[in-house]
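I am opening a notebook page on this complex. The entries below record what I looked up, in the order I looked.

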Amino acid sequence: MAEMTFYSGFVIPFIVGTSVLFAVILYKYMRWMVRLPREDKRLVRRGVFSRATAEAIWESVAECLLHRRIWKVNPLLGYMHTAFALGWFLLIVVGWAETAAYLGGRLVPLQGHIFFKYFTTSLDHAPRWGVDFEAVMDLLLLYVLSGLALALFKRIRSRALGMRRTTRLTFGDRVALTSLWFVFPMRLLAESATSGIYGSGGFLTGSLGGALVSTMPAASMASFETAAWWGYSVALGVFFVSMPFSRYMHIFTEVPLIFLRRWGLRSGETEKSFDHFQIEACSRCGVCIDPCQMQRDAGVTNVQAAYFIRDRRYGKLTREVADNCLMCGRCEGRCPVGIGVNALRLNSRHSLNGTPADGRYDYVKGLDTSTGSRVFEGAGCEIGYSMKQGRVGFYAGCMTLLSPRILKAMEVIFAAAGEDVWWADRNGGVCCGRPLKLSGDVEAARDMMRFNEGLFRRHGITVLVTSCPICLRVFREDYALEGIEVLHHSEYFERLLSEGRIALSASDDGGLLAYHDPCELGRGCGIYNAPRNLLHAVADLVEPTETRENALCCGSSIANIHLPGAGQLAIGRAVGSAFEATGATEIVTACPLCKKALTRGTDLPVSDLAEVVERHLKVAR
Amino acid sequence: MKRVIVIGGGPAGMQAAVALKAAGLEPVIVERSDALGGKLRDWHNLFPSATPAREVLDGLRKAVEMARVEVLLHTEVEGLTPDGSKPSVEVALAGGHAVQLSGGRKLEAAAVVVASGFDVFDASLKEEYGYRIYDNVFTTVDVERMLNEGGVALADGSAPRRVAFVHCVGSRDEKVNQKHCSKVCCVTAVKQAMEMRALFPEADIYNFYMDIRMFGPGYEELYQRAQQESRVNFIRGRVSEASPTIDGRIQIKAEDTLVGRPMKMSVDMLVLAVGMKAGSSCEKFARTADAALSPNGFLAPADLFSGCVASGVPGVFYAGAATAPKTIGESLAEGSMAACWVVEYLDTLAK
């Protein structure tokens, strides 16, 4: 066997590229890890030797190599991603095995593995370990090339791969993408040229090499071979250098993200180091673009999750891009990487919000108009409030207060159930805090929350009912309400019904109801069935094409603090026509804000669930 | 053919028909309801002079009668089909009364004047004001009706001790798709506030406004008199919500933007100064005649200055509140003007 040097001039671009890639990635990851806040580091330490790590390994294989979630979006799109990821991964792994099989345990430099065919022309390539490595490697190369063919096809007709719109690319993305597309065709040409000259190669490289030799004079064949290997190495080098600065950074970053997420790390109210892992794990695949109603109905095309994350990553985020989003969560649910984009957007808003207005909401402290006074109770001289304990509290929230039909319905239903209710809004309750939180003013939001918590406790309620899903979500996610059960009015009505405290009569007017899932109630709190169960009890129910987890946003979400009325209306109308298409005679929703938004989006009557329940109350009691 | 179809039998349509007849043409008024007069029938006294609406209406009716204008009541226009020099309208029977036209019939004419008017904004869309939810929330249209029926009173028949008017309900409000100013509601609310003062000398009367727009002759003077003689209080601020109090009154929340403070007030009667919305048939007419609509849904005149009664479609003309909110006086003027344009148009065709 001739001595193999594993060196030729063309390996330089590859070596440089690889070095830059690993240096940059290592620098980034080290920096982000070191800067993790203390509690996140504790989560990491606790997580490393737990079941979560095993689960993370499996998830990494399933998502980073097999791309399971993308297969669910569209099988062709899934095939394309898997062909690149799994195909390339196997080319590397089988390549290493091939080296080991033919060269034994000796140390082979990196370029020796990558350019194996070029450096091992003196070898006998007969199968080793019972494996025809040349055929297997050719098969894998063909697999990757089939993915590349689909990627090219997707540029022309993205619809065939289940995407109406694809992401607009940055300059770095273009460089990386172009070099990536050259990598595998160049590899095919280079390996075929060498195989042709030396009479080796598998079914693909061997036959293509043979064809090349038969059509080209021997002298030009030699320079063609050198040129092809140079091309392959340059393509790899350019791709590796551009990778950490382009969307392809996701290839590596998704793996640490999966581990950190499994160990319990999440993005929070304020920006922190963990956010980098989420941001750079975004491949800008564009799956988030099609479901976005801002794009499809309001004509806003620069704020979608992929663009928001891109702008934030490159330090170009503007308030407009951060603010102009409904935060409906339709994109988040479809993200193949599972990036928590709403949390990122919120903490961006917090950062862009500037200095919070200290003391702006100090006046809330004077709003508790509780009639109860501090008295000495019992012989033990215990100080307490003389207010009734264990009542049901009702929190209407600003949007219900602006929808008196809902309020009136609640009063009637409470009376029918014989419930002794404490009305939060009439007794000093302030804003739930979610609007402030959604605008990025988390400090002021916290003031509101702490005030309401104190108020609820002082009045000794044990159940808190709200007719507003926006309030419901913040009560469940951000309030410390141990000992107080928080219910949406739909859940409360269901309970009243099952306990026999109210009875409903079905209507016989032939009306057909369609239920609109509010974002904050459905995707936000996971409540889909309670309202439907109640509606089923009184009338026939139809569903629009996009419903439940995929339900459309009404367009007037308070989370969007930028979109002008015309855009809200355009979205509202689109939702309205989706409901009109069902043939429903009435739209029912369970959110006062959705009700307002839909009322102006359609000519169909729109009601809140409470109004429908009130209408069908049996007054036999 | 001398026939000219006038769509709508309100002030603008009646005026146009009378003028057309005087010019020797054969106008036909197609009216969807059971009588001529349009919304003028529901008004009590007209601003700023307190002229009884009936006086104006009777004058118009008499003129139509004297001119022997053909009138088709209970007849709805389904669409306009301008066909070169001979436009026609598709008409359908609205009520099923004994009118000689049957559904889907085509009526041909030399020209068409669209005087289909406006719709009153549905105040129940501003749910936060509690219209049709609380007993004592009314619209300015309800007040006109009550005045015509002989008296304003609360639901229980008693006299209000405090009345508040809310301006711009369904006007200048993006939240209900009504961006435009309806212009007549300010002066209507001022007029009604003064009428309330006359009825209830001891009551407190408030007007909550964004801007007071007194654009017409005598309007500003009326506004001054409302403050000085009728002791009407004007508060600059938009009412945000209305809720019931335990004693059956209505509590309103607003911000006094001149003082810069939020305020609450309990009132016995809340009157919503409802705006003018584009007529529901505007869209249908624009679509079938291939004419333009304004962004606010009213028909768009060919030119705001020199062609305010022209549609841009040959043989089709506009008059009155079909193109924008207008006063009775303005509608009447446009009725005459549209007739002039029809005559001129037919003369040009004949040459």
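**Entry 1: domains of chain B**

How far apart do the C-alpha centres of domain 1 of chain B and domain 2 of chain B lie? I am working from a predicted model, and in it I read 32 Å between the two centres. I took the bounds from the domain assignment, which gives 3-117 + 279-350 as domain 1 and 121-276 as domain 2 of chain B. I then looked at the contact between them, to which domain 1 of chain B gives 10 residues and domain 2 of chain B gives 18. On the domain 1 side of chain B I noted five nonpolar, four polar and one charged residues.

**Entry 2: the sheet in chain B**

I traced an open sheet of five strands in chain B, with the order β5-β2-β1-β9-β20 and parallel pairing. From one strand to the next, the twist averages 20°.

I then followed one pair in the sheet. Strand β1 (residues 3-7) and strand β9 (residues 111-114) of chain B are joined in the parallel sense over four bridges. Which residue of β9(B) is the bridge partner of B:V4? I found B:A111 there. I also noted a helix packed on this sheet: α7 (residues 328-350) of chain B touches β1, β9 and β20 of chain B. The direction of α7 makes about 165° with that of β9(B).

**Entry 3: confidence**

I checked the scores before going further. Chain B has a mean pLDDT of 91, and 93% of its residues reach 70 or more. Over residues 93-102 of chain B, however, the pLDDT is below 50. That stretch still has 19 contacts in the model beyond near neighbours in sequence. For the complex, the predictor gives an ipTM of 0.78 and a pTM of 0.85.

**Entry 4: domains of chain A**

I moved to chain A, which is divided into domain 1 (11-251), domain 2 (266-352), domain 3 (383-498) and domain 4 (512-615). The C-alpha centres of domain 3 and domain 4 of chain A are separated by 22 Å. I found 26 residues of domain 3 of chain A in contact with 24 residues of domain 4 of chain A. Which helix gives the largest share of the domain 3 side of that contact in chain A? I noted α19(A), with six residues. By class, I recorded 14 nonpolar, seven polar and five charged residues on the domain 3 side of chain A.

**Entry 5: a sheet in chain A**

I traced an open sheet of four strands in chain A, ordered β8-β7-β9-β10 with parallel pairing. Its edge strands are β8 (540-542) and β10 (606-608) of chain A. Here the twist averages 40° from one strand to the next. Strands β7 (residues 512-516) and β9 (residues 586-589) of chain A run parallel and are joined by four bridges. I looked up A:A514 and found A:I587 of β9(A) as its bridge partner. Helix α24 (residues 529-538) of chain A lies across β7, β8 and β9 of chain A, at about 170° to β7(A).

**Entry 6: where the chains meet**

Last, I looked at the interface, where 10 residues of chain A are in contact with 11 residues of chain B. On the chain A side, α19 (404-417) and α25 (565-580) of chain A each supply at least two residues. The largest share, three residues, again comes from α19(A). I counted four nonpolar, three polar and three charged residues on the side of chain A that touches chain B.

Notes
Residues are numbered from 1 along each chain as its sequence is written. Chains are lettered from A and ligands numbered from 1 in the order in which they are written. This is a predicted model: local features need pLDDT of at least 70, side-chain atom pairs count only at pLDDT 80 or more; totals for chains, interfaces and linings use all residues. Two residues are in contact if their C-beta atoms, placed from the backbone, lie within 7 Å. Ala, Val, Leu, Ile, Met, Phe, Trp, Tyr, Cys and Pro count as nonpolar, Asp, Glu, Lys and Arg as charged, and the others, Gly among them, as polar. Two strands pair if DSSP finds at least two bridges between them. Axes are lines fitted to C-alpha atoms, for helices over the stretch in contact, and angles run from 0 to 180 degrees between N-to-C directions. pLDDT is the predictor's confidence in each residue, from 0 to 100. Domain bounds come from an automatic or database domain assignment.
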